[in-house]
Amino acid sequence: MPGSDARPEKRVIRWRHRLSVRLGVVFSIFTILIFAATLGYNYYQARCMITTKMEAYARNLVSATVGRVETVVTSVTAVTESMARSLEIFPFNNTHLLDFVEASVLSHPDIFGSAVAVEPSPDGRFQERYAPYFYRTKNGTAFVDLKESYDYTCRDWYQIPRELGKTEWSEPYYDEGGGNILMATCSVPFYEMQNRQKQFAGVVTADISLKRLTDIVSGIKVLKTGYGFLLSRNGTFLAHPRQDIIMNESLFSLAEERGSQELRTIGRRMAAGESGFIPFQTIDGVQSWMYYAPLRHVGWSIGVVFPEAELFSDIRTLTMTMAGIGLAGVILLMTAIVFIAKSVTNPIRALAAASDKIAAGDFEAQLPEARSKDEVGFLTRDFRMMRDSLKEHIRQLTETTAARERMESELKIAHDIQMSILPKTFPPFPTRDEFDLYATITPAREVGGDFYDFFQLNENLLCFVIGDVSGKGVPAALFMAVTKTLIKTYAKEAITPEDILSHVNEELAEDNDACMFVTLFCGILNTKTGDIQYANAGHNPPLVVKKDGTVKWLPRARSLVAGAMPGVVYEGESLRLLPGDSLFLYTDGVTEAMNLEDELFTEKRLEKDMTFSADMGIKDALQRIMDSIHQFADGAPQADDITMMMIRYSG
């Protein structure tokens with residue numbers, strides 16, 4: 001209890017009386033933590049081992065599949081290039097050409113069909129474009145002249161090798177009018193010598209049935225539901241367990257449909273010829289792992305998918321079994337702990353019941369007698385002292401709280417009164433189109449010393465003022481109210497802003513025992529011409545924001561602040577606002593706002609932000625400045641009042 005000389009007696013607890021000794025079994029909790037940590041570590045390491053081994057298995061599996069596909073592709077490429085070289089060396093006539101193409105198809109089982117698309121030759125062997133094509137059927141081969149089926153010169157398999165002058169594999173396509181199946185074509189240009197110059201003579205092609213390749217990829221079997229798939233160089237599915245997406249969807253179209261950046265990234269990597277082992281969500285939404293590798297010769301890519309649930313099913317089953325055994329052991333251990341702890345906690349339970357009553361406000365609740373010499377006995381005696389001290393503390397706190405609430409209520413009323421004497425209706429003159437005005441104030445405390453005001457002197461003259469009283473709190477608020485009233489009073493009598501400030505200074509300086517002062521900027525706008533007459537009593541220099549966004553500072557004040565001493569002479573100055581120009585006034589709470597590193601907002605940052613205000617409404621412009629200050633402060637408390645006013649002249 002405050003003011004009491006009572007002191008707790010010296011506590012000497014013998015080891016056999018200590019509660020910690022009787023409750024030592026509570027350390028069995030660490031068994032749970034250790035078991036859980038061990039189980040988790042084993043599970044993590046097992047996952048890593050399985051992932052590593054599966055990656056090696058996937059790499060070997062994909063490499064073997066790539067090797068099988070590459071063998072077919074390489075073989076067909078070699079045959080096609082050999083045919084092209086033969087055509088360049090030997091002058092084939094029509095009959096020989098047909099036999100040559102058919103023999104090439106029959107002698108190479110990996111080739112589904114072959115064509116020689118020739119240009120008209122100068123030696124007269126071929127008078128016009130000609131493209132004999134032989135392809136496999138159940139009964140042998142079939143022949144078709146591709147020139148009769150379509151304009152083969154517009155096909156990729158003809159145009160691309162002709163332009164590039166090298167062997168090219170086409171994207172898979174359906175050869176309607178030719179072999180009438182899904183295929184991929186190896187095209188090789190060949191040339192003839194005319195006048196010792198090498199001239200393009202045609203293109204030799206060899207087709208691979210897409211089914212031949214997809215059978216190789218579809219033969220990949222992984223776990224229970226794992227599978228392989230094949231993508232073309234632009235990401236189109238060439239082989240996949242889902243037949244509906246083959247040649248109809250690409251990895252990129254599925255990524256676009258689902259909005260999946262991950263799927264889009266995987267598609268780019270596969271199209272770029274990369275390889276890797278990554279987490280992957282299948283197109284059916286199954287979380288899996290995937291290994292992918294490129295087919296270098298054709299620019300395609302193979303992927304093998306391992307469902308994660310199947311990949312880690314055994315380790316999960318083992319982990320759950322071990323967790324069940326551990327849980328049973330923990331239950332047995334906890335049962336023993338409960339029986340032992342029960343004999344210890346009964347006295348504490350009685351003390352807890354009494355503490356509940358005290359917590360509910362019953363400070364007269366009876367505490368159990370402290371008969372034992374262990375921790376519970378000392379705790380009971382300390383609880384009694386704490387209860388008595390708490391009663392006294394609450395009594396004192398109640399009195400202090402009541403006094404503080406009265407003060408806070410009075411400050412709130414003072415804040416409301418202070419804000420009510422400032423103009424807060426915007427736009428203030430809705431019928432006047434030649435100018436617009438907006439102002440805002442944010443006190444650092446409940447009440448402050450910043451203020452602004454504006455009022456019409458006559459039809460064409462608008463008087464405006466902004467000020468900052470020294471100090472903060474209630475004294476500054478009272479000084480502000482007096483200053484505002486004096487300005488409005490003398491503005492009706494004086495002709496110029498400097499006269500207004502001179503009268504106000506004389507009144508404030510008289511009997512100013514508190515030595516308070518105020519910085520003021522007072523101006524009078526001629527709404528007809530845009531001319532402004534102004535005087536500055538030690539206030540921050542305003543900014544003129546031109547219509548084109550350039551910012552200009554007005555000269556700094558050369559006159560003393562108001563209220564400091566009598567007899568001060570204030571100088572009048574003038575400027576002209578053109579249509580679209582604005583005048584921005586503020587107090588030092590703007591430029592001297594601080595962040596958590598005690599750095600100032602500065603006039604440089606203010607000028608930079610003001611350059612963007614020319615195309616904004618004046619309310620939005622002030623809000624932009626306030627947002628910039630808050631962003632700069634980054635949570636630092638506001639140290640000074642922040643007041644801003646902006647006038648835009650429209651003409």
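**Figure 1. Burial and overall make-up of the protein chain.** Buried residues account for 45% of the 651 residues in the protein chain. Please keep in mind that this is a predicted model. Among contacts with a separation of 6 or more, 63% join residues 24 or more positions apart. The accessible surface of the chain is about 34400 Å², and carbon and sulfur atoms contribute 55% of that area.

**Figure 2. Helices H7 and H8 side by side.** Two packed helices are described by the angle between their axes and the distance between the axes. Here, helix H7 covers residues 251-258 and helix H8 covers residues 261-271. Their axes come within 8 Å and cross at roughly 165°. Angles over 145 degrees count as roughly antiparallel, so H7 and H8 are roughly antiparallel to each other. The crossing of H7 past H8 is left-handed.

**Figure 3. Residues at the contact of H7 with H8.** From H7, look for Leu251, Phe252, Leu254, Ala255 and Glu256. Their partners in H8 are Leu263, Arg264, Ile266, Gly267, Arg268 and Met270.

**Figure 4. A cis peptide bond at Pro427.** Most residues other than glycine have a negative phi, and most peptide bonds are trans. In this view, the peptide bond leading from Phe426 to Pro427 is cis, and its omega is near 0°. To find the spot, follow helix H11 (375-420) towards strand S13 (435-442): Pro427 sits in the loop between them.

**Figure 5. Asp511, a loop residue with positive phi.** Although Asp511 is not a glycine, its phi is positive, at about 55°. The residue belongs to the loop between helix H13 (497-509) and strand S16 (518-526). Exposed means over 50% relative accessible area, so Asp511, at 69% relative accessibility, counts as exposed.

**Figure 6. Thr602, a helix residue with positive phi.** Thr602 is not a glycine either, yet its phi is positive, at about 70°. This residue lies in helix H15, which spans residues 602-610. Is Thr602 buried or partly exposed? The cut-off for buried is under 20% and that for exposed is over 50%, so Thr602, with a relative accessibility of 29%, counts as partly exposed.

Definitions and conventions. Residues numbered from 1 in each chain as written. Predicted model: local features only at pLDDT ≥ 70, side-chain atom pairs only at ≥ 80, totals over all residues. Heavy atoms only, no water. Buried < 20%, exposed > 50% of the residue type's maximum accessible area, 1.4 Å probe, protein only. Contact = heavy atoms within 4.5 Å. Areas by Shrake-Rupley, 256 points an atom, 1.4 Å probe, with all protein chains shown as cover. Axes fitted to C-alpha atoms, helices over the stretch in contact; angles between N-to-C directions. Helix = DSSP H or I, 4+ residues; strand = E, 2+ residues; numbered from the N terminus. Parallel < 35°, antiparallel > 145°, perpendicular 65-115°, else oblique. Left-handed = near helix turned anticlockwise from the far one by under 90°.
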